[in-house]
Amino acid sequence: MKIKRKDKTSINVRNEILAMLESGNYAVGDKLPGGRELAETLGTSLLTVQSELSSLAATGLLQLVPNSGTYVSVNWHERLLKYTVRSNYNNFEWMPEYRKMLHDISPEFYPSGSFRRAMIEIQGIVQSHRNFQNYQDLTPCLDCLNADDRRAVEKLAKPFTFNGQILGIPLSASPRLFFYNTRIARQYNIKIPHGSWQWPEFLEMLNKLPADMPGEDKFHYGTSLNLISNVVLRSGGCFFDPSDPADPVKLDHPDTIKGMKSWYDLKQHLKVPPANEGDFRKFLDRFIADKAAFFIGNRINIEYFKAAGFDHYDVIDLPELKPGCNYSAPAMEVLRIRRECPADIAARFVHLALSTNYQNFFYKHHYGFPVVPSAYRYHQKITDRRDMLFFENRANIRADYIDGFPGLLSITRKLVEELFSRDGDFVENLLEVADILRRLIRLNFGNIDANEFEY
């Protein structure tokens with residue numbers, strides 16, 4: 001769809017006003033510059049500025065006060081605007097390049113990390129199960145793909161497919177691997193395994209680190225499902241298995257228990273409290289400063305290290321807890337579009353997101369790998385052996401460990417996190433949690449929307 005010049009001018013004015021709010025220079029209740037001043041600053045007409053101010057006021061973003069001016073509304077970041085695209089990309093240096101890519105194709109789309117809700121949202125795999133009934137079926141939008149590409153995307157979208165409706169489309173996916181600081185490994189004569197290796201070897205590596213090194217520097221430990229699921233998969237377990245209608249809860253399966261208990265014992269071994277997401281960036285800073293040794297991470301960390309000029313790191317496969325279980329939970333970006341979004345806008349963005357240019361944008365910046373197989377024809381050659389290991393492990397990613405009960409995922413996350421913070425018999429507590437989930441499934445909580453549960 002080609003946009004007329006007048007439309008482009010209005011869109012640019014709107015985007016500039018949104019950027020003013022996102023910059024933090026205007027807080028809630030602050031007065032914006034007058035219409036004439038804005039028109040002069042933006043190089044457009046007063047009429048165009050007034051029109052856009054009125055339009056944004058109609059959404060509740062701004063407040064027009066007669067004979068006074070235009071003010072920033074309370075909770076402006078909660079408003080739902082027609083073309084906003086929500087993601088966490090504001091944290092990356094390539095955000096201006098991403099913004100320009102969207103603008104060049106469709107200037108209406110406004111990528112932002114400030115709005116808590118958006119018509120178009122790109123989130124991680126766990127968050128993308130939240131409030132699934134608020135999002136539209138994207139199956140018709142996949143008509144832009146050829147048969148092979150469509151099958152590949154639908155396979156990855158299985159965890160976000162409910163009652164035959166695809167409510168989330170993965171845009172990129174990366175396996176998780178084991179990172180280590182090569183200088184620390186050499187300093188303490190730590191033998192790094194190659195190929196398949198086992199969990200006891202990992203514990204031996206930790207034991208070679210000095211006793212006075214803080215546990216949080218030895219290994220980045222956390223209790224998010226993104227981390228725990230890797231150990232569960234490497235032990236042959238999963239959380240749910242909808243193919244077993246007699247008992248779909250697998251949290252207390254022996255394989256799952258082995259993985260969960262190993263992760264719990266690791267916390268005791270390291271003597272650390274569970275880390276939160278914000279701690280990881282601090283850990284990376286210490287890793288770069290040669291003060292931290294090991295962590296589990298995805299491909300995006302290569303971009304972090306590249307930006308920091310840091311190169312003394314390496315990656316290997318994750319340790320196995322059961323021979324032959326070489327799976328990892330993917331770091332995945334999932335596209336969801338709210339029901340309020342017009343179908344033509346939704347289709348246009350899906351077509352853009354699955355295009356070769358968009359897919360390879362994230363490949364270039366080490367943000368996972370494309371989900372559209374035909375996009376690989378246009379890839380630049382991988383020359384870094386470490387990045388190649390990520391590429392080779394694409395076939396080992398599995399997201400089906402959370403299949404089947406979208407309404408329970410937020411509850412499961414809360415219960416599992418609570419397990420790792422409690423004292424007492426871990427396995428006994430785990431069995432109780434599994435029974436709670438069974439009761440919830442019998443009450444049909446597994447297939448309801450989970451609006452009331454916060455992540």
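Reader: Which residues lie nearest the centre of the second largest pocket?

Author: In this predicted model, the second largest pocket has a volume of about 570 Å³. Its lining is made up of 24 residues. Those that lie nearest the centre of the pocket are A152, K155, L156, R394 and I397.

Reader: Which element gives the largest share of the lining of the second largest pocket?

Author: At least two lining residues each come from helix 5 (147-156), strand 8 (169-174) and strand 13 (369-370). The largest share is 3 residues, and its source is helix 5.

Reader: How do the lining residues of the second largest pocket divide into nonpolar, polar and charged?

Author: The lining of this pocket holds 24 residues. By class, they divide into 6 charged, 2 polar and 16 nonpolar.

Reader: In what order do the 6 strands of the open sheet stand?

Author: The pairing in this open sheet is mixed. Strand 4 (110-112) and strand 13 are its edge strands, each pairing on one side only. Read across the sheet, the order is 4-3-5-12-8-13.

Reader: Which residues is F219 in contact with, leaving aside its neighbours within four places in sequence?

Author: F219 is one of the residues that touch the most other members of the largest nonpolar core. With neighbours within four places in sequence left aside, the contacts of F219 are F178, F202, L206, W263, L266, L270, F283, F294, F295 and I296.

Reader: Does N298 count as buried or exposed?

Author: N298 sits in the loop between strand 10 (294-297) and helix 12 (300-308). Beyond its neighbours within four places in sequence, N298 is in contact with S174, P175, R176, F179, A331 and F390. Its relative accessibility is 15%, and the cut-off for buried is under 20%. Therefore N298 counts as buried.

Methods:
Residues are numbered from 1 along each chain as its sequence is written. This is a predicted model: local features need pLDDT of at least 70, side-chain atom pairs count only at pLDDT 80 or more; totals for chains, interfaces and linings use all residues. Side-chain values use heavy atoms; hydrogens and water are left out. On a 1 Å grid over the protein atoms alone, a cavity is a set of points where a 1.4 Å probe fits but cannot get out, and a pocket is an open set with protein on both sides within 12 Å along at least five of seven lines; lining residues have an atom within 4 Å of a point. Grid points are joined across faces, edges and corners, and a volume is the space filled by probe spheres set on the points. Helices (H or I, at least four residues) and strands (E, at least two) are DSSP runs, numbered from the N terminus. Ala, Val, Leu, Ile, Met, Phe, Trp, Tyr, Cys and Pro count as nonpolar, Asp, Glu, Lys and Arg as charged, and the others, Gly among them, as polar. A nonpolar core is a set of buried Ala, Val, Leu, Ile, Met, Phe, Trp, Tyr and Cys residues joined through side-chain atoms within 4.5 Å. Buried means under 20% relative accessible area, exposed over 50%, partly exposed in between (1.4 Å probe, protein chains only). Contact means heavy atoms within 4.5 Å. Two strands pair if DSSP finds at least two bridges between them.
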